[in-house]
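Thank you all for coming; I would like to take a few minutes to walk through one model with you. Please have a look at it first, and then we can go through its contacts together.

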Amino acid sequence: ASRPRGTLYVGVTNGLIARVEQHRAGHGSIFTRRYKVHLLVWYEEFADVRHAIQREKTIKEWPRAWKINLIERLNPHWQDLYPTLPGSVPS
């Protein structure tokens, strides 16, 4: 997210920490660079990449309100989850 209830970005990666770092550095996605989407406010892990891709496609079809509800059920204050990831680099 760009900020609480701001611009949202949904994507799939096999390396979450590296991908968040790319987005924060302005690399890897024109969309995240343009809209300053630098907060990791929600994520899911999957053992099978096919399931992850299907979930991404499903969420992208959802109305915005559903996505906000998904985030706020587990992260009501829109805290940046990146620092809580094992192996993340402190900012």
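Predicted model: local features only at pLDDT ≥ 70, side-chain atom pairs only at ≥ 80, totals over all residues.

Let me begin with D80, which is partly exposed, with a relative accessible area of 22%; buried here means under 20% relative accessible area, exposed means over 50%, and partly exposed is in between, with a 1.4 Å probe and protein chains only. Residues are numbered from 1 along each chain as its sequence is written, and side-chain values use heavy atoms, with hydrogens and water left out.

What does D80 pair with? D80 forms a salt bridge with R24, and the closest N and O atoms are 2.3 Å apart, where a salt bridge is a side-chain nitrogen of Lys or Arg within 4 Å of a carboxyl oxygen of Asp or Glu. Because D80 lies in the segment after α4 (64-74) and R24 in helix α1, the pair ties together parts that are 56 residues apart in sequence; helices here are DSSP runs of H or I with at least four residues, strands are runs of E with at least two, and both are numbered from the N terminus. R24 is itself partly exposed, at 28%.

In the salt bridge of D48 with R50 the closest N and O atoms are 2.7 Å apart; D48 counts as buried at 18% relative accessibility, whereas R50, at 63%, counts as exposed.

Turning to the aromatic residues, the structure holds 3 aromatic pairs, which means rings of Phe, Tyr and Trp (its six-membered ring) whose centres lie within 6.5 Å, with planes under 30 degrees apart counted as stacked, over 60 as edge-to-face and the rest as tilted. The F31 and Y35 rings have centres 4.9 Å apart and planes at 45°, so this pair is tilted. W62 and W66 form an edge-to-face pair, 5.9 Å centre to centre and with 70° between the planes.

Y9, F31 and Y35 form one aromatic cluster. Y9 is placed in the segment before α1 (16-24), and F31 is found in helix α2 (residues 30-34). Not counting residues up to four places away in sequence, F31 touches T7, L8, Y9 and V37, contact meaning heavy atoms within 4.5 Å.

Finally, the overall fold: the protein chain has 4 helices and 0 strands. Its radius of gyration is 13 Å, close to the 12 Å that the globule rule gives for 91 residues, so the chain is as compact as a globular protein of that length; the radius is taken over C-alpha atoms, and the rule is 2.2 Å times the number of residues to the power 0.38. Of the 91 residues, 30% count as buried.
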